[in-house]
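Subject: Structure handover

Hello,

Here is the structure I said I would pass on. My notes on it follow below.

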Amino acid sequence: MPETTREAAETAADRLTFRPATTADVAALVELVESAYRGDSSRAGWTTEADLLEGQRTDVEGVTAAVTHPDGVVLLAERDGELLACCQLERRGEQAYFGMFSVRPGRQGGGVGRAVLGEAERFAAGEWGAAELEMTVIEQRADLIAWYERRGFHRTGVYSPFPYGDERFGIPLRSDLRFEKLVKALTVR
């Protein structure tokens, strides 16, 4: 990474504060996740799924379930009180599931996502003793999978079907969507 890019990423990470979400954060979280993945606003960033899916990415019920899950946490990344990013972690034995990863579109590409992923890894390994972080990504998102691979995730070749017909997860624009499981070994601290 060029020095100026590395410095910008470190500066972005240095000014972030992290905290667990509460039910009072649910509406803001739904808005953040929707803005990062769906509709025209998501096209300002590179994580958009607007060419693959229409409709919603999540809803109040799904986010509330993640925030209140007894074996989980939704981490918020804020700068000066502004919600910039989030991710969900769920303890699953020696693994931690990583999901609902969202960065405000106008803040993508500046190191915020990298900082959130680093905090998620630190939390999963340090707080829970998780040996591995696992996630699923829509297989057709080659650019996103490549981003995760550059950060140490490995493709497993394990696939699960997209929930066609369940509009809580969006309205597919293609008939071949499926998820691939990615994993990353963590160093327990």
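Is T48 buried or exposed? With a relative accessible area of 17%, T48 is buried, where buried means under 20% relative accessible area, exposed means over 50% and partly exposed lies in between (1.4 Å probe, protein chains only).

Some ground rules before the rest. This is a predicted model, in which local features need pLDDT of at least 70 and side-chain atom pairs count only at pLDDT 80 or more, while totals for chains, interfaces and linings use all residues. Residues are numbered from 1 along each chain as its sequence is written, and side-chain values use heavy atoms, with hydrogens and water left out.

T48 is found in the loop between α3 (39-42) and β2 (53-54); helices (H or I, at least four residues) and strands (E, at least two) are DSSP runs, numbered from the N terminus. Leaving aside neighbours within four places in sequence, T48 is in contact (heavy atoms within 4.5 Å) with A36, Y37, G39, S42, R43 and R141. T48 and R141 are 93 residues apart in sequence, yet their C-alpha atoms are 9.6 Å apart in space. Y37 also has R57 lying over its face, at 3.8 Å from the ring centre. A charge sits over a ring if NZ of Lys or CZ of Arg is within 6 Å of the ring centre and within 35 degrees of the ring normal.

**Helix α5**

Helix α5 covers residues 112-128. The expected span of a helix is 1.5 Å times one less than its number of residues. The buried ones include V112, L117, F123 and W128. Just after α5, G129 takes a positive phi of about 70°.

**Nonpolar cores**

In soluble globular proteins, nonpolar side chains tend to be buried together. A nonpolar core here is a set of buried Ala, Val, Leu, Ile, Met, Phe, Trp, Tyr and Cys residues joined through side-chain atoms within 4.5 Å. The largest such core has 32 residues, of which L89, F98, F101, L133 and Y148 touch the most other members. Two or more residues each come from β3 (72-79), β4 (82-92), β5 (95-103), α5, β6 (132-138) and α6 (142-150). The largest share of this core, nine residues, comes from α5. Apart from it lies another core, of 16 residues, among them V30, V63, L76 and C86.

**Aromatic residues**

Rings of Phe, Tyr and Trp (its six-membered ring) pair if their centres lie within 6.5 Å; planes under 30 degrees apart count as stacked, over 60 as edge-to-face and the rest as tilted. By this rule the count comes to eight aromatic pairs. In one of them, F98 and F101 have ring centres 5.0 Å apart and planes at 55°, so the pair is tilted. F98 is buried at 1% relative accessibility, and F101 is buried at 10%. In another, the ring centres of F162 and F179 are 5.6 Å apart with planes at 25°, so the pair is stacked. F162 lies in the loop between β7 (154-161) and β8 (171-172) and F179 in strand β9 (residues 178-185), so this pair ties together parts that are 17 residues apart in sequence. Both F162 and F179 are buried. One aromatic cluster is formed by F98, F101, W147, Y148 and F153.

**Charged residues**

A salt bridge is a side-chain nitrogen of Lys or Arg within 4 Å of a carboxyl oxygen of Asp or Glu. By this rule the count comes to 17 salt bridges.

- K181 and E134 meet in a salt bridge (3.4 Å, N to O). This pair links distant parts of the chain, with K181 in strand β9 and E134 in strand β6, 47 residues apart. K181 is partly exposed at 30% relative accessibility, whereas E134 is buried at 12%.
- E90, R92, E134 and K181 are linked in a network of salt bridges.
- R178 and E139 meet in a salt bridge (2.7 Å, N to O). Here R178 is in strand β9 and E139 in the loop between β6 and α6, 39 residues apart.
- The charged end of R178 also sits over the ring of Y159, 3.5 Å from its centre.

Regards
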